[in-house]
Amino acid sequence: MISPTKDHPASTSNASGVFLFIKSQSDRKVNGVDFTIGSRKPNSMDQKEGVPTVPRRRAQGLGRERILEACLFLATGTTPDALSFRKIGKELGADPTALYRHFANKDELLLALADKVITMGMIGYVPSPDWKESLRDLMERIRASFLQYPQVATLAALRVTGQSGELQFVEAMLSALTRAGFSRHEAAPVFRACGDFMLAWTGFSAGLMLLGQKSEQDDAAWVSSYDRVAEHDFPLAVASVREMAAVQDEENYRFALDLLLGGIAARLQH
């Protein structure tokens, strides 16, 4: 399993930075990677406020790729249950039952969709001479790709796809660890730690995106609740709450990633 989700800003603890990130990616490029599906440019009428979209296409007849493109369009928003067969069928202008001719069930569709997002994230990846930079690049680019489609990240990022996108990612990660000097046996648990770390944090970040304004309210409630605590009982917590609440989600992720990569490097030295 990908157990598993240079510089790919994504979500923040107060969610506002999330949408600033996505607005800044209107050219559909992250770290030089073009995430636009196919060669067409998004139609301006398809552009939702604050999020990148996938172009709508209503060519005759359905196919797996066309269905997946429609799903990606729907997955950029924060509408609950955006990937129901009813909503997908409406987006395609087709009866929802027609989807079953291409996907046996919703689970198969979600796995194909997750793998497509991983494949998109791998576009343009070039291994760095520095194995740590390769790991960082892979873990940031797949995270960024999933966070463009938060509905997919929360539903399918932690699943095993067993398909080409996942296999590309796994092979690239293991290749970087092999270059670092880990044996095949040693690389396996390191890969699991990295994959679980990245995808779990990505699911968390996607959840913040879907919460929207509620995430900001939670941060404000955190600070205000500590304001009511007796400082002499919990002096460190009360004195630090504003600084802790101000840490952005992406800043927090990168800090933790630095710690993880530093720990992996230290393990090599023993």
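R136 counts as buried at 19% relative accessibility, where buried means under 20% relative accessible area, exposed over 50% and partly exposed in between (1.4 Å probe, protein chains only). The side chain of R136 meets that of E133 in a salt bridge, at 3.6 Å from N to O; a salt bridge is a side-chain nitrogen of Lys or Arg within 4 Å of a carboxyl oxygen of Asp or Glu. This is a predicted model, in which local features need pLDDT of at least 70 and side-chain atom pairs count only at pLDDT 80 or more, while totals for chains, interfaces and linings use all residues. Residues are numbered from 1 along each chain as its sequence is written, and side-chain values use heavy atoms, with hydrogens and water left out.

**Overall make-up**

- The protein has 11 helices and two strands; helices (H or I, at least four residues) and strands (E, at least two) are DSSP runs, numbered from the N terminus.
- Along the sequence, these elements follow the pattern α-β-β-α-α-α-α-α-α-α-α-α-α.
- Of the 270 residues in the protein, 47% are buried.
- The protein exposes about 13,200 Å², and carbon and sulfur atoms supply 55% of that area; accessible areas come from the Shrake-Rupley method with a 1.4 Å probe, and for residues only the protein chains shown count as cover.

**Salt bridges**

- Side chains of opposite charge can pair when their charged atoms come close.
- The structure holds 12 salt bridges.
- One of them joins the side chains of R159 and D107, at 2.6 Å from N to O. R159 lies in the loop between helix 6 (150-156) and helix 7 (164-180) and D107 in helix 4 (residues 106-122), so this pair ties together parts that are 52 residues apart in sequence.
- E133 and R136 share helix 5 (residues 131-147), where they are three residues apart, about one turn of the helix. E133 is partly exposed at 28% relative accessibility, whereas R136 is buried.
- R254 forms a salt bridge with E250, with 3.4 Å between the closest N and O atoms. These two residues sit in helix 11 (residues 249-268), four residues apart, about one turn of the helix.
- In this pair, R254 is partly exposed with a relative accessible area of 22%, while E250 is buried at 7%.
- Through shared partners, salt bridges join E140, R143, D249, E250 and R254 into one network.

- S205 is found in helix 8 and is buried, at 0% relative accessibility.
- The side chain of S205 makes a polar contact with the side chain of D249, at 2.4 Å. A polar contact is a pair of N or O atoms within 3.5 Å; within protein, one must be able to donate a hydrogen and the other to accept it, and residues adjacent in sequence count only if both atoms are side-chain atoms.
- R143 lies over the face of Y253, at 4.1 Å from the ring centre. A charge sits over a ring if NZ of Lys or CZ of Arg is within 6 Å of the ring centre and within 35 degrees of the ring normal.

**Aromatic pairs**

- There are six aromatic pairs. Rings of Phe, Tyr and Trp (its six-membered ring) pair if their centres lie within 6.5 Å, and planes under 30 degrees apart count as stacked, over 60 as edge-to-face and the rest as tilted.
- Among them, the rings of F169 and F191 have centres 6.4 Å apart and planes at 55 degrees, so the pair is tilted.
- F169 lies in helix 7 and F191 in helix 8 (residues 184-211), so the pair ties together parts that are 22 residues apart in sequence.
- F169 is buried with a relative accessible area of 0%, and F191 is buried with 6%.
- F197 and Y253 form a stacked pair, with 5.4 Å from centre to centre and 25 degrees between the planes. F197 lies in helix 8 and Y253 in helix 11, so this pair ties together parts that are 56 residues apart in sequence.
- Both F197 and Y253 are buried, and together with W201 they form one aromatic cluster.

**Cysteines**

- The structure holds zero disulfides, a disulfide being a pair of cysteine sulfur atoms within 2.5 Å.
- C71 is buried with a relative accessible area of 0%, and C194 is buried with a relative accessible area of 0%.
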